[in-house]
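Here's a quick briefing to read alongside the model.

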Amino acid sequence: MKITDNNNICGYCNTADDGEFCFETQSIYGNKYEIRKCAHCKAYYLSPHPDEDVLKKAYDVSYYGFQKNKFGEGIIEKAIDYLRYLKAKRINKYLKHQSTILDIGCGNGKFLGYMNKLGKHNIYGIEPGEISYKRASKIENINIKKGYLDENDFGDNFFDAIFLFHVFEHLDNPEIMLDVIGKILKPNAILVFSFPNIISWQAKFFKGKWLHLDPPRHLFFFPPEVFVSLMKSKGYMPVKIKYMCIEQNPYAAIQSILNIICKKREVLYEYFKGNKEYVKDISRISILLQKIFFVLSFPFFIITDFLASLFHASASVEFIFKKNNFPNSID
Ligand SMILES: [Zn+2]
């Protein structure tokens with residue numbers, strides 16, 4: 001955790017200058033926060049910075065799902081898994097056969113499993129969550145570490161690719177993490193990020209009720225253009241920026257609408273994860289109606305995501321960067 005007396009600090013660069021107030025939000029535990037914009041690094045950040053106890057609770061068993069998979073064994077998990085396979089196929093095109101690849105926050109490890117099948121890669125995963133770590137450990141040929149990326153885990157110029165899918169915005173020391181990643185990536189390696197788009201149509205419309213704010217877990221949010229500038233300054237060039245995302249964006253619109261209607265946020269999402277405790281005070285008829293709304297409106301929100309993507313205004317964004325070709329030894 002950051003050592004500071006002032007919790008009103010930017011979640012990315014630690015600057016404590018109050019920032020520009022954007023809107024208020026509330027966590028599923030009822031804690032109130034503000035989203036502010038940092039004058040120094042231009043990131044939007046959650047303020048006050050959540051304390052250690054709050055974050056510990058936010059990453060307990062309920063975050064990872066109570067079931068065999070995060071969303072059980074039904075059609076939702078199967079659909080997510082198929083989209084995961086398509087993502088692996090898409091990203092594998094940027095890699096040579098038998099590359100050495102690392103997924104930071106690899107979740108259940110299935111993305112790495114697909115990458116292994118597609119390219120016979122040497123697969124490494126890092127995952128802090130106990131349940132996800134156990135799920136990922138079952139993936140064939142995986143080298144997995146439970147916890148966080150440490151400076152001494154790997155030698156310099158080790159990886160051909162590193163992935164952070166919806167992980168970066170959770171990090172408590174993102175600048176240190178980027179420095180470590182810069183060392184362990186080979187020249188010309190690729191670095192893939194995805195994260196919520198804070199200047200998306202959804203973010204602007206739903207504000208504090210937006211699913212992807214996910215307070216208190218998401219600590220900072222970069223507008224895509226600001227992030228590209230930051231990465232260029234660190235020696236990376238964008239190769240591909242993708243906005244449309246069926247596994248992230250249509251559901252985010254649906255859940256954000258439900259967050260406006262319902263007294264509690266993320267009810268349907270927590271229900272799908274099997275969080276019985278969180279939804280115990282919600283009637284069965286309410287859950288049923290929310291499920292019907294989800295099924296009926298999903299195709300509509302695929303169309304709105306497509307439209308938003310044309311304006312670079314989708315609810316999440318994926319970047320593929322290529323590292324410059326200078327070896328780390330001359331940094
Ligand atoms: Zn900042």
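Leucine 171 counts as buried because it has 20 C-beta neighbours inside 10 Å; the label buried needs 20 or more other C-beta atoms within 10 Å, exposed means 12 or fewer, partly exposed is in between, and C-beta atoms are placed from the backbone. This is a predicted model, where local features need pLDDT of at least 70, side-chain atom pairs count only at pLDDT 80 or more, and totals for chains, interfaces and linings use all residues. Residues are numbered from 1 along each chain as its sequence is written.

- Leucine 171 sits in the loop between strand S7 (159-165) and helix H6 (174-184); helices (H or I, at least four residues) and strands (E, at least two) are DSSP runs, numbered from the N terminus.
- From leucine 171 to phenylalanine 220 the C-alpha separation is 8.6 Å, although they are 49 residues apart along the chain.
- Isoleucine 320, in strand S11, is buried too, with 21 other C-beta atoms within 10 Å.
- Leaving out residues up to four places away in sequence, isoleucine 320 touches Tyr94, Ile190, Val192, Val239 and Lys240; a contact is a pair of C-beta atoms, placed from the backbone, within 7 Å.
- Methionine 237 is 83 residues from isoleucine 320 in sequence, yet their C-alpha atoms are 8.5 Å apart.

**The seven-strand sheet**

- Seven strands make an open sheet with mixed pairing, ordered S6-S5-S4-S7-S8-S11-S10; two strands pair if DSSP finds at least two bridges between them.
- The edges are strand S6 (143-146) and strand S10 (236-242), each with a single partner strand, so one side of each has no neighbour in the sheet.
- On average, neighbouring strands here are turned by 15° against each other, direction ignored; axes are lines fitted to C-alpha atoms, for helices over the stretch in contact, and angles run from 0 to 180 degrees between N-to-C directions.
- Strands S4 (residues 100-104) and S5 (residues 122-127) run parallel and share five bridges, one of which pairs isoleucine 101 with isoleucine 123 in S5.
- Helix H8 (residues 224-233) packs on this sheet, touching S10 and strand S11 (316-323), and its direction makes about 155° with that of S10.

**The four-strand sheet**

- This open sheet goes S1-S2-S3-S9, with antiparallel pairing.
- Strand S1 (20-26) and strand S9 (220-221) are at its edges with a single partner strand each, so one side of each is left without a neighbour in the sheet.
- S1 and strand S2 (residues 32-37) run antiparallel and are joined by six bridges.
- In S2, arginine 36 is the bridge partner of phenylalanine 21, and glutamate 34 is that of glutamate 24.
- The S1 and S2 hairpin has five residues between the strands, and glycine 30 there takes a positive phi near 90°.

**Nonpolar cores**

- The largest nonpolar core has 39 residues, and Phe159, Ala161, Ile162, Leu191 and Val192 have the most contacts inside it; such a core is a set of buried Ala, Val, Leu, Ile, Met, Phe, Trp, Tyr and Cys residues joined through C-beta atoms within 7 Å.
- Strand S8 (residues 185-196) gives the most to this core, namely seven residues.
- Another core, of 33 residues, lies apart from it and includes Trp210, Ala252, Val279 and Ala315.

- Gln290, Phe301, Asp305 and Ala308 are the buried residues of H12, and they pack against helix H7 (201-206), helix H9 (249-261) and helix H10 (267-272).
- After H12 comes histidine 312, with a positive phi near 55°.
- Helix H4 (residues 110-119) has Phe111, Leu112, Gly113, Tyr114, Met115 and Gly119 buried, under cover that includes helix H3 (75-92), S4 and S5.
- H4 is followed by lysine 120, whose phi is positive, near 50°.

How values were computed: Two residues are in contact if their C-beta atoms, placed from the backbone, lie within 7 Å.
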